Each structure stands twice: as C-alpha cells, then as structure tokens.
Amino acid sequence: MKKIISKYYPQLLLAILAFSFFTRIYQIHLPEKYMFDEVYHAVTAKLIVDNDTRAYEWHNPPPEPNTAVDWLHPPLAKYTQAISISMFGKNSFGWRFSSAIFGVLVVFITARLAFNLFKDKGLSLLAALIVSLDGLVLTMSRIAMNDIHVTAFILMALNFYTIYINQKREKKKFFLLTGLSIGLAIGTKWSGVFALLIVGFFEGLNFISQFVVQVRAAKRTAKNKKRKLQKIGIEFLKESFVLVSVLIILPSVIYILSYSHMFLLGKDFSHLIEMHKNTWWY
C-alpha cells in the first residue's frame with residue numbers, strides 16, 4: 001500500500017482536490033439569496049466592485065434592505081469576493097466563488113502541512129481527505145464570508161514555518177513567506193493574529209535558548225571571553241532585527257496595504273484610525 005501511495009501520490013491528491021472542488025462548486029448558487037453573514041460580506045464586496053466609499057464607512061444606512069456594510073473586518077477576503085463578482089456578476093455564484101477556491105486551497109495546504117510535519121504521504125492524503133469531508137470547512141467554502149480565507153492563510157503560514165524549521169532555519173525565504181502569510185491572514189480577519197502568536201512563541205523560545213547556550217559557552221572559554229560576548233551581542237541584535245522585521249513590521253505593512261483600495265478612493269490614514277476605533281468600540 002505504501003508503494004502505491006508513494007507512486008501515485010500526485011494523482012491521489014489531485015483526485016481529492018477534484019472531489020473537494022466539485023463538492024464546493026456544485027449548485028453553489030443555491031439558494032439565490034444572502035445566507036448568514038453574506039448580508040454583510042457579499043453586500044460590501046459589491047460596493048467594492050462599484051468603487052463605493054460606503055464599503056469603508058460605518059455611519060451609513062443599510063445599502064440594501066436587511067443588510068449592513070462589513071467595515072468591522074479587514075478587506076482582503078472581500079477583495080477576492082469582489083474579483084469573482086467582477087468575473088461572474090452580482091449574483092450568488094459570483095459572491096461565493098472565491099470561498100470555493102479558498103476551500104480547495106485549504107485542503108491542498110493541509111496535505112502539504114501534514115507531509116512537512118510527518119514526512120508521510122499516506123498521512124498527507126488522509127489529512128487532505130478528512131478536511132475535504134469536514135462539514136464546517138465545506139459550509140464555509142460555500143458561503144461568502146472571510147473565515148475560509150483566513151483559515152487558508154493561517155495554514156499557509158504554518159506550512160511555510162514548518163518548512164523553515166525542517167531546513168534548520170537556514171533558508172530565510174521560508175521565514176519571510178511565513179511573515180507574509182501572517183500579514184495576509186491578519187489582513188483578512190483579526191483572528192489571523194493567532195498564527196503570529198504561534199510562530200512568535202516558538203521563535204522566541206528558540207531565540208532565547210540559543211542566546212543562553214552561546215553566552216554560557218563563551219563564559220566557559222578562557223581566551224577572548226569579552227570579544228566572544230561582544231560578538232554574541234551583535235548577533236543578538238541582528239537576529240532581533242530579523243524577528244521584528246518578519247513578524248511585526250512585515251505583517252503590519254501588509255495589513256495597512258490591505259486597505260489600499262480605500263486609500264485610492266480618497267480616504268486617508270486618519271479615516272483608517274477612526275475606523276479601527278469604531279471597530280474596537282463595537
């Protein structure tokens with residue numbers, strides 16, 4: 001069985017992804033009305049398509065009966081919904097299509113994450129199959145909300161971070177991709193910050209333990225002790241800069257850039273701050 005799985009792993013994974021796509025896209029347009037929080041997300045995505053500033057304002061009346069603008073969440077997921085609306089029209093298929101795509105992406109990233117964690121193609125396929133059958137993931141993949149999008153970006157961050165760890169932290173590009181994915185997650189929904197907390201926790205532990213080990217080793221050395229401690233101090237500052245840049249500055253920049261459309265519509269940074277004050281108050 002292991003030989004079969006190893007030989008046909010790409011084909012088997014592709015079959016699971018095809019099944020995932022079919023179950024997410026089949027009759028996704030039904031019902032042809034807003035479901036659950038689509039009364040916020042889909043409505044706002046349509047405003048974004050029309051370059052309507054109300055998409056980023058909290059003080060307007062409902063744009064449609066029994067709806068409201070979703071200004072509470074960052075806009076990245078709504079951008080993907082707006083793109084699919086531009087492609088397929090202002091209908092239920094149009095505003096749900098991006099969720100279906102991200103739902104399939106969740107299955108794929110889960111497979112890769114499982115493989116990078118366990119180095120077992122059988123477990124990778126099993127993880128993909130399980131998540132493809134999960135009821136909540138399926139539901140979130142068939143309605144226009146931001147949850148499946150932030151899930152994909154969180155998994156992406158964890159997958160890149162796992163690759164970075166497996167490479168013994170030598171290939172910094174995967175750490176950079178981790179920070180990029182964290183920024184995309186937070187730019188989709190604030191709960192994306194949990195990815196930052198997870199990665200930050202493990203990187204903090206590694207950073208402190210490595211520093212302590214190096215200092216102790218330097219203190220046990222009879223020769224050039226002061227010079228070695230100075231070198232460790234410089235390396236400490238360099239690594240601190242890398243951690244802050246990748247896990248704080250980069251996600252923050254991406255988060256601000258996620259509001260680029262709002263800025264292009266004429267809103268300034270003070271509006272962004274006021275929006276966040278209202279979000280926090282709400």
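Is R96 buried or exposed? R96 is buried, with a relative accessible area of 1%; buried means under 20% relative accessible area, exposed over 50%, and partly exposed in between (1.4 Å probe, protein chains only). The model is predicted, so local features need pLDDT of at least 70 and side-chain atom pairs count only at pLDDT 80 or more, while totals for chains, interfaces and linings use all residues. Residues are numbered from 1 along each chain as its sequence is written, and side-chain values use heavy atoms, with hydrogens and water left out.

The structure holds nine salt bridges. A salt bridge is a side-chain nitrogen of Lys or Arg within 4 Å of a carboxyl oxygen of Asp or Glu. One of them joins the side chains of R96 and E38 (2.7 Å, N to O). R96 lies in helix 5 and E38 in helix 3 (residues 38-49), so the pair ties together parts that are 58 residues apart in sequence. Helices (H or I, at least four residues) and strands (E, at least two) are DSSP runs, numbered from the N terminus. E38 is buried, at 0% relative accessibility.

A second salt bridge links the side chains of E57 and K267 (2.6 Å, N to O). E57 sits in the loop between helix 3 and helix 4 (76-88), and K267 in the loop between helix 12 (260-264) and helix 13 (269-281), so this pair ties together parts that are 210 residues apart in sequence. E57 is buried, with a relative accessible area of 9%. K267 is partly exposed, at 21%.

E235 and K238 also form a salt bridge through their side chains (4.0 Å, N to O). They are three residues apart in helix 11 (residues 225-257), and so are separated by about one helical turn. E235 is partly exposed at 35% relative accessible area. K238 is partly exposed at 49%.

Aromatic pairs were examined next. Rings of Phe, Tyr and Trp (its six-membered ring) pair if their centres lie within 6.5 Å; planes under 30 degrees apart count as stacked, over 60 as edge-to-face and the rest as tilted. The count comes to 15 aromatic pairs. The ring centres of F102 and F153 are 5.6 Å apart and the planes stand at 70 degrees, so this pair is edge-to-face. F102 lies in helix 5 (residues 92-118) and F153 in helix 8 (residues 147-166), so the pair ties together parts that are 51 residues apart in sequence. Both F102 and F153 are buried. F201 and F202 have ring centres 5.3 Å apart and planes at 80 degrees, so they too are edge-to-face. F202 is partly exposed, at 44% relative accessibility. W58, W71 and Y282 form one aromatic cluster.

N146 is in the loop between helix 7 (135-140) and helix 8. N146 is buried, with a relative accessible area of 2%. A polar atom of the N146 side chain lies 3.5 Å from the backbone oxygen of T188. Leaving aside residues up to four places away in sequence, N146 touches H41, H73, A77, Q81, T188 and K189 (contact means heavy atoms within 4.5 Å).

On the surface, L117, F118, L123, L126 and I130 form a nonpolar patch, with about 490 Å² of accessible area together. Patches are made of residues with over 30% relative accessible area and no salt bridge: like charges are joined within 9 Å, nonpolar side chains (Val, Leu, Ile, Met, Phe, Trp, Tyr) within 5 Å. Accessible areas come from the Shrake-Rupley method with a 1.4 Å probe; for residues, only the protein chains shown count as cover. Helix 6 (121-133) and helix 5 each supply at least two residues of the patch. Helix 6 gives the most, with three residues. L123 lies in helix 6 and is partly exposed, at 36%.

Terms used:
A polar contact is a pair of N or O atoms within 3.5 Å; within protein, one must be able to donate a hydrogen and the other to accept it, and residues adjacent in sequence count only if both atoms are side-chain atoms.
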